Amino acid sequence: MTTPDAAVMDGTARRKPQAPPPNRRRRFGIAVRITLGLSVMALLVLLIGGVSMSSFRLFRAEVAALSTNTLPEVITSAELHGSLQKLVAQLPQLAAAASTPQRRSIYDGLVTELDSMQLLVARMRGLMKEGDPGAGERDGNVRLLEQTRSTLLILAATVADLNAEVTRQIDYGDRQAEAARALSRLAAAIESMPDTGAWAARIGALMARAAGATQLDHLSRLKGEARSAERTLAELARLSGGAPDPTGQMMSTVQEELFSLLVAPGGLFESAIDRLQARNRAQALTGQAQVLVETVERSTRALYDSIRDQSAERTDALAALIAERTRTVMVLAATSLLLAVCVYFFFRRFLSTRLVAMNRAVLARLSGNRQPPHCGIAAPAGLPVPVPVPVPVDGDDEITDIGASIRYFIEEIDRRQQALADNERRFRDLVEGSIQGIVIHRDFHVLYANDSFAAMLGMTVAEVVALPSLLSVVAATERQALIEGYDRLLENGQSTPRRRIRACRSDGAGLWVELTGRRVDWMDGPAIQAVVVDVTREVEAEHALRQSRDAAERALDELKATQASLIQAEKMASLGQLVAGVAHEVNTPIGITITGASQLQALIGELSDRHTANALKKSDFQRFLSDGMEMATLILSNSTRAANLVQSFKLVAVDQSSDERRPFLLRDYIDELLRSLHPTYKARTALTIDVACPADLELDGYPGALSQILTNLIMNALVHALDPEQPGRIAIAARLLGPDMVELSVADDGNGIAPDVLPKIFDPFFTTRRGAGGSGLGLHIVYNLVTGRLHGTIGVESRPGEGTRFTLRFPRVTAAA
């Protein structure tokens with residue numbers, strides 16, 4: 001049964017092949033065994049599939065219910081609650097509307113929100129009708145939804161009534177304002193009349209009292225003032241009737257016109273009374289609307305909580321269903337795995353073990369020894385040739401027939417193997433000693449690889465040949481390009497240029513290689529020979545260089561971002577300092593105004609008590625008029641002072657916090673800025689600030705930027721240049737340089753700047769007061785605003801001990817940002 005070794009090696013001895021045995025029919029052969037095992041496994045797979053499909057249908061039904069009903073209900077209820085919040089925010093605005101356009105805009109927004117909420121309620125009703133009608137929780141939700149819908153209808157009617165009352169309030173307010181303006185015109189006409197003595201004084205007092213009374217918020221007091229005005233007008237009519245013509249005629253005319261303006265229908269008092277009544281009704285309707293909104297809030301919140309709880313219950317039920325079906329599938333899968341193990345050992349006992357033994361024997365026989373043929377290793381000279389392993393033929397099945405058939409072809413295989421070994425020996429002499437990796441493949445299945453290529457991948461040659469595909473050691477992004485290059489090589493046969501790709505070693509480490517390929521004929525068919533060179537070190541050096549460059553760029557970007565944030569913080573700090581100063585300055589006139597108002601109230605109370613006790617004397621009334629006029633003058637002057645200061649601060653602060661572009665007069669704007677900054681330097685009594693600027697010099701640009709520039713320059717002079725205890729002067733001058741260019745200078749007579757510091761003052765973060773809170777960004781912000789926002793230039797002149805002058809030149813009309 002065995003062939004002698006010498007006959008196998010030199011091919012001189014021949015053995016007549018044995019004819020293969022005839023085919024025999026067996027009752028329980030390999031095919032029957034395989035069919036039986038696979039059938040049992042197929043039954044289990046079908047069972048698992050059935051359970052999985054059933055679970056999937058249930059899961060899909062639950063998910064569909066959640067997505068079509070529960071989830072839209074949750075979303076719709078949340079949207080309903082969100083619309084209600086918008087409605088809550090807009091209701092007080094409608095009651096506080098001061099003009100018809102504002103009232104109309106707010107009312108339109110409220111109507112839109114109410115319509116949106118009605119649509120959401122209708123959508124929710126439709127979703128609940130599509131759901132399960134038998135659920136008790138859903139019935140409760142329907143009741144809450146109906147309550148919400150009815151409350152919204154009432155709320156819509158209430159909002160309409162509120163809108164009507166606000167409309168009346170605005171109309172009466174406009175009438176009152178028109179009557180007040182007519183009263184002012186009448187007062188001016190009275191001043192041009194000849195002196196009429198006590199009549200003119202009482203007319204003036206009546207007009208002043210009417211103007212003050214219309215501002216009252218108490219309806220009864222307002223009506224009392226109206227009746228008092230009627231009595232006063234009646235007394236004035238008696239005085240004018242006794243005066244001689246033409247003065248008496250003029251007095252009667254004025255008295256009649258004053259009667260029509262004050263107490264006649266549609267007059268000042270009636271308009272004020274109607275406006276106050278409309279306002280009171282609007283307040284009552286606002287309270288009613290808020291109660292309705294709170295009712296809707298409770299209903300929508302309860303509805304949302306109920307729907308959310310139902311969603312959570314359905315989600316928990318779905319999770320329980322998934323867990324139950326998962327356990328069932330896992331049990332079936334474990335059973336399948338156990339059966340597969342049994343089938344595996346059965347096949348291994350009767351099939352795979354015998355086939356593996358036959359495969360080993362065939363491989364050893366074909367290679368002439370017990371080594372696999374792909375190793376390409378011949379027996380060393382002087383060593384005995386190993387005896388080939390015989391092909392096993394034990395048993396009585398198909399495998400036995402296959403083993404007998406294999407022996408028929410042994411002699412032909414030996415001859416061809418010897419020829420192949422000779423060819424391999426010649427090829428090995430050419431390529432085994434190459435320091436470059438060489439690999440031959442067909443469809444990326446390795447046919448040959450030298451030691452250099454295997455060493456690149458950290459493998460042995462046998463492991464490389466055993467790879468299922470060379471693409472498995474190549475990065476996924478490179479595979480398509482390699483496949484396309486392979487197809488082109490097979491078509492035209494031209495060598496490809498060097499290509500750099502990323503590969504991976506057996507230990508998981510990556511490497512970069514350069515390869516070239518050409519088409520060769522190998523083992524009776526075309527194949528591709530690739531020459532591979534390891535270039536990992538070169539690629540790593542390039543990558544390290546790129547990383548260093550990227551790190552430097554990121555550091556630069558972070559530095560720029562930090563600088564920008566610090567500049568913004570500096571701007572906000574200066575604005576905060578301005579706010580603190582103005583707040584402190586406003587406290588004084590407001591305190592005086594409050595004191596004057598309380599004193600005036602006490603005088604009025606005292607006069608009222610004397611009048612009630614019928615103890616009012618003419619001297620008391622004259623003293624009241626004198627003291628009241630003094631208190632009114634004090635209140636008016638201090639209120640005007642506070643209003644002017646707040647207006648100046650508002651103008652400057654709004655400009656500094658926004659980038660609005662607008663035309664403005666430079667001299668007026670500088671005055672407003674200095675008025676806002678006055679609280680900062682008012683303690684320096686020896687400081688003088690002079691402004692030399694044409695009153696008609698108008699700029700079209702960004703006042704916020706100019707305000708920030710002047711603020712920083714003035715504060716810089718106060719902090720660095722001028723001693724708080726010594727006299728000092730800051731001069732601000734502006735003039736036109738031609739029709740389109742403006743020159744603005746800010747100069748002081750302070751300490752000046754040292755020559756070695758002067759070139760650095762505009763650098764970011766440079767300061768001479770690092771330990772005293774200086775950030776070094778003030779003049780840097782000035783430079784950026786002048787050159788960037790104003791498109792101008794800035795220069796500085798300074799001598800130590802003689803002062804400093806900053807000169808700005810920029811276009812009168814700034815180009816748009």
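**Aromatic pairs in a predicted model**

Visitor: In which helix are Phe621 and Phe624 three residues apart?

Guide: In this predicted model, local features need pLDDT of at least 70 and side-chain atom pairs pLDDT 80 or more, while totals for chains, interfaces and linings use all residues. Residues are numbered from 1 along each chain as its sequence is written, and side-chain values use heavy atoms, without hydrogens and water. About one helical turn separates Phe621 from Phe624. Helices (DSSP runs of H or I, at least four residues) and strands (runs of E, at least two) are numbered from the N terminus, and the two residues lie in helix 15 (residues 618-657).

Visitor: How many aromatic pairs are there?

Guide: Rings of Phe, Tyr and Trp (its six-membered ring) pair if their centres lie within 6.5 Å; planes under 30 degrees apart are stacked, over 60 edge-to-face, and the rest tilted. By this rule, the count is six.

Visitor: How many residues apart in sequence are the parts tied together by Phe444 and Tyr486?

Guide: This pair is tilted, at 5.2 Å centre to centre with 40° between the planes. Because Phe444 is in the loop between strand 1 (437-442) and strand 2 (445-449) and Tyr486 is in helix 13, the parts tied together are separated by 42 residues.
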